[in-house]
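Visitor: I have a few questions about the terms used for this model. Could you take me through them?

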Amino acid sequence: MENFIFQNPTKLVFGKGQIARLSELIPAGVHLMITYGGGSVTKNGVYEQVQDALKGRQYVEFWGIEPNPHVETLRKAIELGKEKNIDFLLAVGGGSVLDGTKLVAAGICSDTDAWDIVLSGYAQKQIPFASVMTVPATGSEMNGGAVITRRETDEKYAFGGDYPQFSILDPEVTYSLSKHQIACGLVDAYTHVLEQYLTTPGQSRIMDRWAEGILLSVKEISLKIIENQHNYDLMADYMLAATLALNDFIRMGITQDWTTHMIGHELTALHGLTHGHTLAIVMPGTMRVLKEQKKAKLLQYGERIFNITEGSENERIEKAIDATETFFRSLGLTTRLSENGIGDETIETIAKRFNDRGVAFGENQNVTGDVAREILVSRK
Ligand code: NZQ
Ligand code: ZN
């Protein structure tokens with residue numbers, strides 16, 4: 001195990017009716033701005049609950065943070081925040097609203113352009129922010145990451161920074177999600193675990209078992225959720241699984257991959273595919289093209305998650321990869337580029353972008369543009 005420092009300061013406030021706690025959670029006397037997406041909160045009662053909880057308090061609202069939040073929109077929120085002397089932000093929505101808000105939190109206390117903050121990779125300073133999370137998927141509610149899109153150039157990059165002060169997770173708010181959003185959220189959470197698990201073998205039994213616990217739980221609840229998303233206990237497990245999959249708990253002292261995410265972000269930036277859907281397409285390719293370096297972990301994964309114990313090593317690995325793709329498809333997602341009208345031109349664009357940037361992703365820092373091409377070609 002490598003040395004590590006672990007600190008996750010986010011207060012999780014979990015359960016039914018917990019949005020009512022907003023007033024006690026947001027410090028008194030702050031200049032508050034609440035950020036929203038495109039209006040889903042007005043249809044599922046979340047907006048009303050926020051309004052009720054904050055009755056009698058002054059605040060500014062900013063609407064219109066879109067899925068895969070655009071820096072062009074967030075600049076407007078930064079401007080408004082500066083104008084109103086905002087010193088506390090509350091994001092009410094999915095990962096996109098919260099990610100966008102993380103950038104707004106940085107932009108408000110900086111003179112640097114918002115896109116340059118993203119490109120720098122890390123926000124040096126942010127005003128405090130918190131969330132009411134309405135989509136279980138990204139883990140943004142309890143991590144320091146954010147992913148921002150620049151529409152002008154169809155680029156999508158992540159940056160790091162502070163964690164939310166608190167996040168309210170009420171599983172009941174997920175009842176209004178579409179089947180596609182749920183499928184994408186489940187795949188996102190599952191893939192977050194794989195990005196931290198399918199790497200170097202023998203680093204930590206604790207991290208392995210913790211990761212496998214989340215994978216097994218997501219697998220167990222997924223099909224039941226797709227059939228009945230109004231079951232509170234199922235949605236509670238889903239919501240908590242998504243948080244635990246990307247809140248630093250399962251990556252203490254271990255190497256990480258993130259190849260699938262980096263390629264997935266390009267597919268979203270270029271074609272607008274939902275984040276989790278891109279992962280369902282790319283992940284089987286990452287497993288297959290990198291199966292030599294991931295061999296030990298793929299065997300362990302196959303055995304512990306899918307009970308694959310028969311056959312040669314290569315056969316067992318292939319079965320594990322097929323089982324993963326079958327699982328994603330069982331949620332109603334397509335898993336091939338051709339099924340989404342994506343062809344060679346996009347593959348070449350992504351390979352060129354990675355090569356031009358000189359990237360080397362993955363636990364062994366060997367995923368260049370050429371390797372990304374191989375991964376994508378295997379997903380045609
Ligand atoms: O905008 P509104 O009207 O609110 O509608 C949203 C949006 O259209 C809707 N929605 C949200 N909550 C709902 C709801 N619809 C019905 N009922 C509800 N309860 O859902 C749509 C999608 O929302 P979005 O926030 O985009 O989804 P998600 O939470 O999956 O976030 C995806 C973004 O997060 C990034 C992704 O790249 C993508 O940009 N990620 C962030 C990460 C992080 N911060 O750590 C890690 C992830 O790997 C991921 O990259
Ligand atoms: Zn993700």
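Predicted model: local features only at pLDDT ≥ 70, side-chain atom pairs only at ≥ 80, totals over all residues.

Visitor: What is the strand order of the open sheet, and what is the pairing?

Guide: The order is β1-β8-β5-β4-β2-β3, with parallel pairing. That makes 6 strands in an open sheet.

Visitor: Why are β1 and β3 said to stand at the edges?

Guide: Each has a single partner strand, so one side of β1 (11–14) and one side of β3 (59–62) is left without a neighbour in the sheet.

Visitor: Which strands does helix α9 touch?

Guide: Helix α9 (residues 232–245) packs on the sheet and touches β1, β5 and β8. Its direction makes about 170 degrees with that of β1. Another helix, α5 (residues 95–108), lies across β2, β4 and β5, at about 165 degrees to β4.

Visitor: What makes Gly 95 a polar contact of ligand 1?

Guide: The cut-off is a pair of N or O atoms within 3.5 Å. A polar backbone atom of Gly 95 is 2.7 Å from an oxygen atom of ligand 1, so the pair qualifies. The side chain of Asn 68 has an N or O atom 3.1 Å from a ligand oxygen atom. Ser 140 places a polar side-chain atom 3.3 Å from a ligand nitrogen atom.

Visitor: How much of ligand 1 does the protein cover?

Guide: The protein covers 86% of the 960 Å² of accessible area that the ligand has on its own.

Visitor: Which classes of residue make up the shell around ligand 1?

Guide: The shell has 20 polar, 9 nonpolar and 3 charged residues.

Technical notes. Residues numbered from 1 in each chain as written. Chains lettered and ligands numbered in written order. Heavy atoms only, no water. Pairing = 2+ DSSP bridges. Helix = DSSP H or I, 4+ residues; strand = E, 2+ residues; numbered from the N terminus. Contact = heavy atoms within 4.5 Å. Axes fitted to C-alpha atoms, helices over the stretch in contact; angles between N-to-C directions. Polar contact = N/O pair within 3.5 Å; in protein donor to acceptor, adjacent residues only side chain to side chain. Areas by Shrake-Rupley, 256 points an atom, 1.4 Å probe, with all protein chains shown as cover. Nonpolar A, V, L, I, M, F, W, Y, C, P; charged D, E, K, R; others polar.
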